[in-house]
Amino acid sequence: MQKSAQIAGFTEINAEATLSASTHGGRAKCLQRLIRLGLPVPQTVALSFGAVKGLAAGQGFDVSRLLATFGARSLLCVRPSSQDPDWGGPGAILNIGMNDRRHLELSQTHGEDAASILYLRFIQSYAVHVARLDADAFSFTDNDPTERLKQALTIYEDEADEPFPQEADVQLLEVLRSMARAWEGTTARLLRQARGAPPDAGLGLVVQEMALGVGPGESGSGVLRCVDQVTGQRRVSGRYLRQSFLRDALEANGEALYLLEDPRGPSLEGEQPEIFDRLTEMAEMCRARLREEMEIEFTLERGKLRVLDAVRVSRSPRAALQIAVALAEESIISREEAVLRVEPRALPELLHPQVDPKAKRDVILRGIAASPGGAIGKLVFSAQAAQAHAAQGEPCILVRRETTPEDIRGMHVANGILTERGGMTSHAAVIARGLGLPCIVGASDMRLSTSKKTLRTKDGRSFREGDTVTIDGSSGEMLLGEVEMLEPALDDSFQSLLSWADELRDIGIRANADTPADAQTARMFKAEGIGLCRTEHMFFEEGRMMVMREMIFADSTEDRRAALEQLLPMQREDFTQLFGIMVGQPVCIRLFDPPLHEFLPSDREGMRGLAEALGLPLSDVAHRVEALAEFNPMLGLRGVRLGVTVPEIYDMQARAIFEATVAVGRKGDHVVPEIMLPLVSARREVELLKTRIDGVAAAVRNETGASFDYRLGVMVETPRAALRAGDIAGHATFLSFGTNDLTQMTYGLSRDDAGKFMGAYVQQQVFPEDPFHTLDQEGVGELLMLGAERARAARPGVTLSVCGEHGGDPDTIAFCREAGFDYVSCSPFRVPVARLAAAHLAIRDRAGDAPGELR
């Protein structure tokens, strides 16, 4: 075996060469592995990152010594070799060394048509990518390959003011310099940085002897893989182009395309079984030895097989998961590596139906992709219309200017949601993610008329209620008509991967769940309990809204209690179901949070209906609605402030929680409910309400004769609560940071309205990211750190968590782990993402970094 030799900045690739992806790029390293496996790779040399950088800077390069390693008659190709294939690089240049003399020689061995087309393709590629001539200039009037070649040589000389270069060393040097300079260009640098490459990423170049794949006998080129790129299932696929270059086949470029997986037509497997078997053996060998599903790029020349390259098979997220699990189950890779090979951000595509990426898309409008997945349905413009369609078994897409708690019932039955306003943490976005519904918010280019039940797009198209559309919550696009869908992929491989992730992660993952259905979803996705149950959503259920309104219109404490007595059994049943579903797991229940005006109608017609239901004059109803109206309700009478000023609401909820605890306990299931006070900003608020809740607990113990415990905690969502966390922790066993409202209050931004300008702010780098989408670790994160530090100083055993929508974000999970938080809580459909992201972080912490190169 020839020894490795470093000559003039290049290394001949053989089994003993010293190559690394960090010095010569991934392609060079992969070719060396193929050679070590004994695959028939053409002679190849690799230029290092340093050599390519020198070429771009205009330094000298001994190209004659490089050519001498191949021989004077060889045709060559040059391909890029970046450290990571995803970073891209300049396009390959083939057939370097073609000139008038080689054209004559190949005409005698391969036929004049074949030689002319090879020469012609090189001239066109060299002219456009090296000489930088206009591609449109190379248009031809003749179908004969030899005549086209003559025209191309004439056009090149006219455009470049010099003949086409005939010297192979000149051709190769100019190709190398052109590709090096293309990599260093501003546009290429920005493009690869967008793909995750560092600014100083290097490029290697691979120079390889051409394996033409043309000529008499069985000749052609193709690719072969042993796995389906969409499903990840094991099956042979690819293509083979048989090259004949016969004059009578010129109109089709002399190529016969065989799809390797198509059993209906001619195939390489049927006509050349030995070659097909050898290729599949090579692919299986690469899979076992390189520990990856590889795509083999090959040529046949007069029946002789050559392997030009092997690259990682491109794959969908569902295929990536299937492949990783299969490799781990066959002990080709470890379970830890299988977990790391699946990106957490790719999981949502597996959890929901998805718009088929191959389907034709007629985009109607675009907005913010607030909740992933795809859905088909008829447009409806009210919650009532959504319920009517659901009653008839018709899928629908609910369109609103913005959703409110009154829309909950319509949202529950809709297949997808679209709003004109809002951002990533708006009401519609949060509820949709909790329900697992695709959702688009902030579609500000549409013009919505709820009275006329029409939607008009920016380009003038108009749609009415009942028109069928498809929404893609993953891309933020609404599409015309029914578009083909892919079903969720929650199969055994999915469950296996996440079970391995659970064995590896070191932070708890809970779910935000407001209803028994949400809790069932959380349980299905193996959440470790409920970290946030927003009880106000229960009050918007049918039959409860009117009771809430009676309570709001009550003039005395006794009347309020009488109204709430009607809600007590309903709430008790809600909590009994939650405890039963989550048996053995903690359930954290946030007491009533929203301002009371959200339960009242805002229009004249709604107030008239309420007046009739309550038997009150319309003027009294209007007066009460006006009295409860607030200039800034998000900062008004809500949350713990209601608990202090209208304590009967929290008394009723606490009793319902404790009675449900007793009921479940009598069935043999031990429950320790967690009660969370929302919007706290002062220690005294906690003291007052803890005293009342303790009193309710004592009363229920006396009445039932049952013994039970509970934990009282605080939702930290005001900056003051974070700053005074030490004081508050003295009266709370846990602090859960609600980062939705904490972000809103820290920035002074409305999470419902920020979408109008957030794109411009991120684009102009005012904010690096939308802070409602990605946790602001510098500002909001500092409040979390201060709160955690002060709470633990005052109460070392206090439990700390994040329960805002940020809880499902991998970057936020990394922050919480570093800060020593006990768990994060997120929407049920984000639980798998959080479980996998937490495992990634734990594995990399233990390893010190990500796994190295494939062996």
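User: How many cavities of 30 Å³ or more are there?

Analyst: On a 1 Å grid over the protein atoms alone, a cavity is a set of points where a 1.4 Å probe fits but cannot get out. By this rule there are 3 cavities of 30 Å³ or more in the structure. The model is predicted: local features need pLDDT of at least 70, side-chain atom pairs count only at pLDDT 80 or more, and totals for chains, interfaces and linings use all residues. Residues are numbered from 1 along each chain as its sequence is written, and side-chain values use heavy atoms, with hydrogens and water left out.

User: What volume does the largest cavity have, and which residues line it?

Analyst: A volume is the space filled by probe spheres set on the grid points, which are joined across faces, edges and corners; a lining residue has an atom within 4 Å of a point. The largest cavity has a volume of about 90 Å³. Its lining includes Ile-408, His-412, Asn-512, Asp-514, Arg-534 and His-537. Helices H16 (408-413) and H17 (427-435) are the elements that give two or more residues to this lining, and H17 gives the most, with 3 residues. Helices (H or I, at least four residues) and strands (E, at least two) are DSSP runs, numbered from the N terminus.

User: How do the residues of that lining divide into nonpolar, polar and charged?

Analyst: Ala, Val, Leu, Ile, Met, Phe, Trp, Tyr, Cys and Pro count as nonpolar, Asp, Glu, Lys and Arg as charged, and the others, Gly among them, as polar. The lining of the largest cavity has 3 nonpolar, 5 polar and 3 charged residues. The second largest cavity, of about 40 Å³, is lined by 2 nonpolar, 3 polar and 4 charged residues. Among them are Arg-433, Glu-805, Asp-809 and Arg-830.

User: In what order do the 8 strands of the open sheet lie?

Analyst: Two strands pair if DSSP finds at least two bridges between them. The order is E13-E23-E22-E15-E16-E17-E18-E14, with mixed pairing. Strands E13 (363-366) and E14 (368-371) are the edges, each pairing on one side only. From one strand to the next, the twist averages 30°. Within this sheet, E15 (374-380) and E16 (396-400) pair in the parallel sense over 3 bridges; Cys-396 in E16 is the bridge partner of Lys-378. Helix H15 (383-391) packs on the sheet and touches E15 and E16, its direction making about 115° with that of E15.

User: What is the pairing in the sheet of 3 strands?

Analyst: The order E19-E20-E21 forms an open sheet with antiparallel pairing. Its twist averages 15° from one strand to the next. E20 (454-456) is joined to E21 by 3 bridges, and Thr-454 has Arg-464 in E21 as its bridge partner.

User: At what angle do helices H20 and H22 pack?

Analyst: Axes are lines fitted to C-alpha atoms, for helices over the stretch in contact, and angles run from 0 to 180 degrees between N-to-C directions. H20 (545-552) and H22 (604-614) pack at about 80°, their axes 11 Å apart. H20 is therefore roughly perpendicular to H22, a class that covers 65 to 115 degrees, whereas under 35 is roughly parallel, over 145 roughly antiparallel and the rest oblique. Contact means heavy atoms within 4.5 Å; here Met-546, Arg-549 and Glu-550 in H20 meet Leu-610, Ala-613 and Leu-614 in H22. These contact residues comprise 4 nonpolar, no polar and 2 charged.

How values were computed
1 Å grid on protein atoms, 1.4 Å probe; cavity = no way out; pocket = protein on both sides within 12 Å on 5 of 7 lines; lining within 4 Å.
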